[in-house]
Amino acid sequence: MVLIVVLGSAVSCTDVFDESQLNQAPEQDLDFDKVFTDYQQFRQYLDYSYYFMPGHLGRMWNSMVAELSDEAEGLGVNVCSSVFNNGAWSGDVIPGIGSNPAANANRELSDMWNDLFKGIRQVNNVIKNIDLVENFPSQKVYERSLGEAYFIRGFLYFELVKRWGGVPLFDRPLELGKDELDVPRNTYEESINFIVEDCNRAAQLLDLENLGGDTGRATKGAALALKSRTLLYAARPLNNPNQDVEKWKAAAAAAWDVINLNQYSLDPDYVNMFFRSDLGNEIIMNRPRPKINFEQGHSDNSNFLVRFIVPQGYDGWMGTAVTQNFVDLYEDSNGFPITNASSNYNPNDPYVNRDPRLKMTVLYNDRYWYSRNTQFYTGGLDYGNTLINPIGYSIAKFWPEAHQRYKGTSTYLNYIYFRYAEVLLNYAEAVNEAYGPDGAHSGAGLTARDATSQVRQRVNQVPIPLVLSSSKETMRERIHNERAIELSFEEQRWYDVLSWNKGVEIFGEENPIKGMKITKNPDDTFIYEPYVYETRVFRPHMNRYPIPNSEIYKSTELEQNPGW
């Protein structure tokens, strides 16, 4: 039997685990018996399985996932986010890439479906055949390898389920001529149980932490964090319409299991956490990469800053602008929404007295950045002249200030899969729904309010005011908002809103996308005028993705999601 797989030179279990191990070439035919008898070849085969985990903020070619949500607006050429924003996405598979936005949208639709199932087949090969490998360095390495395989399979299935709901479940590789290949979807509940079981198996086999050279591989904490995220999604309204409180309790318990490891804490430096060369105390799992610069090209994420983040005034293309809608979610410095009567928000000076994370994550007009104050006003350097940004904002979160184009600088920018702040917010959301804002998971002693306060105190933002959070319902609103701010632009908001079954409310016609028109006066003051930039289309059935029609047409068993 021959396997077709991309592999490179042999690596030991203690070599640095980075992006280069996930983009190995050339493609070659590997003898099945050799892959699953020789540890070095087996290790490469398992390492390549990580490649199938989505791990690139620019993975949609010319759009960020943030552009699908109310976080951002895509301004680049042929952005595929417009296909989602105008409601034109579907199960059709459009050929091509680059100049066709609908074809580029495949990256999040049909390509994603196919790649996730390819990865599942790969790790199923590992799980089925791992015992054929006779020269593992140790029993511990054997157990970790098996744990990694269970983790990756669970992760890939979660990525499917969060988009499509229940999917066909495969616990082993299917064989042509032996197995029935046309199979129906499993239920959502069955799919969640399958993922949770994989997480449990992985957690039993994996270590709390890996050696420095193995940063990026799965750990016990990563397996439990995946379980926490999975059960949180399962408890949310889209997937739990009857609001079964036991599902919220299960989600709270899963988040507490991570917290109770006492392995993680919040990084005191929120800004630079994203540019670390290691995990630090907060990052539970990431995809390590070499340092990036401002050169063109998709390899190793190197064009991400130019293409998506950096305004024209700083020599970038800035294809992604932060919306006024999202900027408005940042509270005032006293913890009140800026629309609240008690807020100290000043519309004539809109960026003072705000949640400190606004300045940490968003570039707005007239703030100092690198060598000058930003100019997002009409006619300003960062408004642009050929690459126009009419929205008035760009992302600061993934751009270290000292890292500038044509300056010979480089930076780390590792894709974060799980970090401790998310786990605290998972816990807060689940505990609030199960026990109320001042309740706690049994035996935990940590309330929903306590968990949110920890996250906010890290950046010196006040706790959520009691007057805004005295009930489960009012606290829910603030926790949702806290997730938006803390996890901004990290590929969380879009999927959070879908699973809350609030896509129509937040992404639809009743909540049009706004920008900020900024005019500079002769006396160097500014006039700030919010305006409607775009009205998007979002229908109730869009809270779940369409299965690729190519899969539906060739199957007699696979059912499309309703509405598609």
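1. Helices (H or I, at least four residues) and strands (E, at least two) are DSSP runs, numbered from the N terminus. With that rule in hand, the secondary structure of the chain amounts to 18 helices and 12 strands, and the place of Gln454, a residue taken up again below, is in helix α14.

2. A word on the basis of this note: the model is predicted, so that local features need pLDDT of at least 70 and side-chain atom pairs count only at pLDDT 80 or more, while totals for chains, interfaces and linings use all residues. Residues are numbered from 1 along each chain as its sequence is written, and side-chain values use heavy atoms, with hydrogens and water left out.

3. On overall form, a compact globule of 564 residues would have a radius of gyration near 24 Å, and the 23 Å of this chain agrees with that; the radius is taken over C-alpha atoms, and the globule rule is 2.2 Å times the number of residues to the power 0.38. Along the principal axes, the C-alpha atoms fill a box of roughly 75 × 55 × 50 Å.

4. Of the 564 residues, 60% count as buried, where buried means under 20% relative accessible area, exposed over 50%, and partly exposed in between (1.4 Å probe, protein chains only). The accessible surface of the chain comes to about 21600 Å², and 49% of this belongs to carbon and sulfur atoms; such areas come from the Shrake-Rupley method with a 1.4 Å probe, and for residues only the protein chains shown count as cover.

5. Contact means heavy atoms within 4.5 Å, and among the contacts in the chain with a separation of 6 or more, 69% are between residues 24 or more positions apart.

6. Helix α14 (residues 448-457) deserves a careful look, because seven of its 10 residues are buried, so that the helix is largely enclosed by the rest of the structure. Its buried residues, including Ala448, Arg449 and Val455, pack against α12, α13 (420-435) and α15 (472-486).

7. Gln454, in the same helix α14, is partly exposed at 30% relative accessibility. Leaving aside neighbours within four places in sequence, Gln454 is in contact with Leu266, Leu424 and Leu446, whereas its C-alpha atom is separated by 29 Å from that of Arg289, which is 165 residues away along the chain.

8. Ser110 is found in helix α5 (residues 110-129) and is buried, with a relative accessible area of 4%. When residues up to four places away in sequence are not counted, Ser110 touches Val93 and Pro548.

9. Two backbone angles may be checked in the loops. Met318 has a phi near 45°, a positive value in a residue other than glycine; this residue is found in the loop between α10 (304-309) and β5 (320-322), and is buried, with a relative accessible area of 5%. Asn353 has a phi near 55°, again a positive value in a residue other than glycine; its loop runs between α11 (324-327) and α12 (357-361), and Asn353 is partly exposed at 43%.

10. A disulfide is a pair of cysteine sulfur atoms within 2.5 Å, and by this rule the count comes to zero. Among the cysteines, Cys80 counts as buried at 0% relative accessibility, and Cys199 counts as buried at 2%.
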